[in-house]
Amino acid sequence: MLKSYKKYISEGRLVVTWATILAFVMRFASCFSSRFPTVKYDGGYLWNPIEPIITSSGLLSFVLSFACAFGISFFLLHINTKHALIRTRTSLPFAFSILLLSSDSAFALFTPQYLAIFFFLLTLDKLLDAYQNPISARHSLYMGFYLALGSLFTPDVLMFLPLFWVGLLLMRSFRFKAILSSLLGIGLVYWIVIFYFVYTNNIDAFYAPFVKWTEIDFSNLISLYGNLFYYMYLGFAIITSTIILAYNYMNNFKDKIRIRACISFFNILLITSGILYLFLPINQVLTKMIFLLSLSMIAAHFFALTQKRWQIYFFYTVVIIFLIFCGFFHFVY
């Protein structure tokens, strides 16, 4: 049983093909779902000019969203391979991420969050490069630069900058100079933005994306919505994440110190984005994407290194329940 699991799932290549096909089917089903997104997504300075072109064609938006989900999943797999986060050959980071990024109808159309996530992953890649690196300030510069570029599509991505400073602590590369370097990286992008709006005498448009931060209603912190089935799905996700986090924590001594630090940052990213999604009324599409990508990597680390029979049964159970929930959301609810 363990040999076949490793051959066809944890170390197999066929899982990529099946995950891609299933993701496309779920996205296609989203087009006929009552939860299919019809709202306009607010974006940053670079999103607003291209948004009418993209949203003018539903087919174009659908194709771009699927292409971006594929690219994001491949990039996450690249990060795993480059930094050897999982001590065996596996394609599960790709399979999990493309499935999770297709599980919600909100991801079926192209949104500015897809573009922001690309730059978020570039920032993550630079953070992992900074592990015990004597030139960590340079990596911090790139981190700020990439986050700033992502904020041109979704300004809320800048809220995660302090979290990357925490990541520098885990990477043993935290210096006060690193904070200044990351802020300088943001400044390299935003001085051009400011210059443009001053030149066009439209400074109010520069402030507009950030004014929304001051308008957040914190009197109602819990921003959950949905029916009983939605809460069941939420509980399933929380229980599954908790089991994986607990097991990875108890067995992290098997990994190298560098890998422990990297996985720890994914854990922090998972918990933080989950809290932001559940309890704060900010960009829920962005926070949910970050949560799902973090969960993809942590779950891949757990299932790729499976050595016990109960973990195999747990994998099949999770997959079956996940597909049941997705089928309900796409075809019933």
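## Basis

The model is predicted: local features need pLDDT of at least 70, side-chain atom pairs count only at pLDDT 80 or more, and totals for chains, interfaces and linings use all residues. Residues are numbered from 1 along each chain as its sequence is written, and side-chain values use heavy atoms, with hydrogens and water left out.

## Overall fold

The chain has 14 helices and zero strands. Helices (H or I, at least four residues) and strands (E, at least two) are DSSP runs, numbered from the N terminus. The radius of gyration, taken over C-alpha atoms, is 20 Å. The globule rule (2.2 Å times the number of residues to the power 0.38) gives 20 Å for 333 residues, so the chain is as compact as a globular protein of that length. Along the principal axes, the C-alpha atoms fill a box of roughly 65 × 50 × 40 Å.

## Burial and contacts

Of the 333 residues, 53% are buried. Buried means under 20% relative accessible area, exposed over 50%, and partly exposed in between (1.4 Å probe, protein chains only). The chain exposes about 15,900 Å². Carbon and sulfur atoms supply 71% of that area, computed by the Shrake-Rupley method with a 1.4 Å probe; for residues, only the protein chains shown count as cover.

Contact means heavy atoms within 4.5 Å. Among contacts between residues at least 6 apart in sequence, 82% join residues at least 24 apart.

## Helix H2

Helix H2 spans residues 14-30 and has 17 residues. From first C-alpha to last, H2 reaches 25 Å, close to the expected 24 Å. The expected span is 1.5 Å times one less than the number of residues. The buried residues of H2 are Val15, Ala19, Thr20, Ala23, Met26, Arg27, Ala29 and Ser30.

## Ser91

Ser91 sits in the loop between helix H4 (58-83) and helix H5 (92-100). Ser91 counts as buried because its relative accessibility is 2%. Not counting residues up to four places away in sequence, Ser91 touches Ser10, Gly12, Arg13, Val15, Val16 and Leu77.

## Cysteines

The model has zero disulfides, a disulfide being a pair of cysteine sulfur atoms within 2.5 Å. Cys68 counts as buried at 12% relative accessibility. Cys262 counts as buried at 0%.
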